[in-house]
Amino acid sequence: VYAEDNATITGNTVTHSAAPKSYSGLELARLRFATVVSHNRIVNTGASDNNGIYLRDGVYGTVDTPVRVFNNDVILNGAASVYARVFFASNDIRNVEVAYNTMRVSGSEAYLLSTTGKYNPQNVFVHDNILANACTKTATVDKFWNETDIDGYQLKRNALQGTVDKIVTKDDSNFAAAPQFASETNSRLASCEGLNVGLPCSFVTDDIDGNARPATALTVGAY
């Protein structure tokens, strides 16, 4: 999706079992203002070196109305390269909120959240997500391209599985977890134990299945 203002990208299911090199489930560039990316499912069972959600250059919200990415379920299975990234973000993004998503990857190696580029990201708020990297060789949760990239991020109450680089030192409300998913391609939770730490969020009133979220003690992630 390219060069849209106030876009709504919701309710899509993207599946692939043998994606070509550098494939992205959702690739978004130059989206501005009150853009919403929500309630989408991406399942790639032959991920190799593919991306889940890729925010490219020029994704600009405003301070009052950020671009919002929430209630998405992104699964990469069969990742075999650090060029497989579940959430891949250019550094040329501003005022973006990423909340209540489930993002996970399995295989041999991958980065889960990864930045790229020479710019400085500004006001990117990542909170109340499940970020699970279960790869056997390289299981990095957060890979910031430049040492200073993290300065443009706020990261709070994310449940983390895998090797953590900077997220916990940025904010100790982020915590280690071992989510129990229904299956490799179904991110519904077999147990919510330890994951009911989310805070109310004005624009997240339901989960990806349309179930109403409670007023307190919300389960982090998309479900």
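1. Leaving aside neighbours within four places in sequence, Leu155 is in contact (heavy atoms within 4.5 Å) with Val126, Ile150, Ile167, Lys170, Asp171, Ser173 and Asn174. Please keep in mind that this is a predicted model, where local features need pLDDT of at least 70, side-chain atom pairs count only at pLDDT 80 or more, and totals for chains, interfaces and linings use all residues. Residues are numbered from 1 along each chain as its sequence is written, and side-chain values use heavy atoms, leaving out hydrogens and water.

2. Leu155 sits in strand β16 (residues 153-156); strands here are DSSP runs of E, at least two residues, numbered from the N terminus. Leu155 counts as buried because its relative accessibility is 1%, where buried means under 20% relative accessible area (1.4 Å probe, protein chains only).

3. Strand β7 (residues 51-55) is largely enclosed by the rest of the structure, because 5 of its 5 residues are buried. Strand β4 (residues 24-32) pairs with β7 in the parallel sense over 4 bridges; pairing requires that DSSP finds at least two bridges between two strands. Here Leu28 stands opposite Leu55 in β7. Strand β10 (residues 73-90) also runs parallel to β7, joined by 4 bridges, and Phe88 in β10 is the bridge partner of Tyr54.

4. On the cysteines, the structure holds 0 disulfides, a disulfide being a pair of cysteine sulfur atoms within 2.5 Å. For Cys201, the closest cysteine sulfur is in Cys192, 18 Å away and so too far for a bond. Cys201 is buried at 12% relative accessibility, and Cys135 is buried at 9%.

Technical notes. Buried means under 20% relative accessible area, exposed over 50%, partly exposed in between (1.4 Å probe, protein chains only).
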